[in-house]
Amino acid sequence: INELFEESLRSRHFRVYLQPKVSPRTGEAEGAEALVRWQHPERGVICPSDFIPLFERNGKICRLDVYVFREVCALMAKWERMGKRLIPVSVNLSRQHFREPGFLEEFSGIAKQYRVRTEMLEFELTESIFLDEEQIDVVKDSIHRMHALGFTCSLDDFGSGFSSLGLLKEFDVDALKLDRLFFLDMHSEKARDVIACLMELAKKLNVKTVAEGIEEPEQVEYLRQVNCDMIQGYVYARPMPADAFEEKYVRGIMV
Ligand code: C2E
Ligand code: MG
Ligand code: MG
């Protein structure tokens with residue numbers, strides 16, 4: 001599978017899909033997340049859950065993340081040339097990057113090479129990274145460094161494990177991505193109250209909120225009521241190839 005990785009990277013069998021983050025107020029895409037797909041010549045499209053854990057173990061994930069980031073920069077540079085209005089795009093960062101001090105310089109170098117403003121790029125860090133005692137200082141420093149370089153950063157999958165509100169106090173994130181688990185039992189009043197409170201807390205801390213995995217219109221209605229900033233889920237769109245995304249969601253600058 002290692003050889004397959006190199007070959008697939010060279011042959012561009014890894015594809016970047018984009019999923020919009022839609023404002024429930026305006027119905028417009030105000031951001032997007034880049035999600036990798038492996039377009040295997042024989043096996044068809046393979047989803048990340050089937051190969052990311054493996055690449056995390058053998059360290060290949062870092063190169064894949066850089067590849068995805070580069071593809072995103074190339075896309076945004078293209079949109080800029082076309083005179084489009086840019087929306088921020090986020091990429092997922094594996095915990096493996098934090099083992100290498102200075103990994104952010106590579107990312108900022110790529111953004112510079114494509115002349116994409118780093119303000120338009122966001123790193124998603126999964127909740128479990130923040131809970132790793134040994135990495136706390138490295139992660140904190142990295143977030144400062146991200147901000148110094150102009151990037152933004154979000155706490156991904158919040159609520160999927162033993163989340164702690166302390167994370168919001170301790171780490172200077174710009175956005176909170178609430179895991180789909182939060183929204184599965186929204187008929188329960190308790191569940192709704194927890195969501196409403198988290199939205200309020202985030203607002204108070206000046207952290208943007210993104211609800212993940214939203215599939216039902218009723219969930220959207222509730223999230224609109226509690227002022228959730230953005231919704232990412234099948235209810236609006238599934239992750240799609242970049243050209244489809246461009247056609248549907250990237251608009252010209254209106255004058
Ligand atoms: P994630 O970052 O939390 O991404 C959101 C996942 O939820 C995506 O799964 C997306 O397709 C899925 N999703 C979106 N809307 C809905 C919905 O309404 N219902 C349901 N059931 N699911 C929805 P995907 O694309 O399979 O990716 C899974 C995970 O793999 C990601 O979770 C992320 O942790 C990881 N991943 C994906 N691409 C990359 C990458 O380029 N680098 C790294 N390091 N990890 C990646
Ligand atoms: Mg993510
Ligand atoms: Mg997530």
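Me: A crossing is left-handed if the near helix is turned anticlockwise from the far one by less than a right angle, and right-handed if clockwise. In this predicted model, which hand has the crossing of α4 and α6?

Reply: Local features here need pLDDT of at least 70, side-chain atom pairs count only at 80 or more, and totals for chains, interfaces and linings use all residues. Residues are numbered from 1 along each chain, chains are lettered from A and ligands numbered from 1 as written, and side-chain values use heavy atoms, without hydrogens and water. Where α4 passes α6 (residues 136–148), the crossing is right-handed.

Me: How are α4 and α6 oriented to each other?

Reply: Their axes (lines fitted to C-alpha atoms over the stretch in contact) come within 10 Å and cross at roughly 20 degrees. Angles under 35 degrees count as roughly parallel, over 145 as roughly antiparallel, 65 to 115 as roughly perpendicular and the rest as oblique. Therefore α4 and α6 are roughly parallel.

Me: Which residues of α6 make the contact with α4?

Reply: Contact means heavy atoms within 4.5 Å. From α4, the contact is made by Phe103, Leu104 and Glu105. Their partners in α6 are Ser142, Arg145 and Met146.

Me: Which residue bridges the two magnesium ions, ligand 3 and ligand 2?

Reply: Asp156, Asp157 and Glu212 coordinate the magnesium ion (ligand 3) at 2.1 to 2.5 Å, donors being N, O and S atoms within 2.8 Å of the metal (3.2 Å for Na, K and Ca). The two ions lie 4.1 Å apart. The bridging residue is aspartate 156.

Me: Is aspartate 156 buried or exposed?

Reply: Buried means under 20% relative accessible area, and exposed over 50%. Aspartate 156 has 5%, so this residue is buried.

How values were computed: Buried < 20%, exposed > 50% of the residue type's maximum accessible area, 1.4 Å probe, protein only. Axes fitted to C-alpha atoms, helices over the stretch in contact; angles between N-to-C directions. Helix = DSSP H or I, 4+ residues; strand = E, 2+ residues; numbered from the N terminus.
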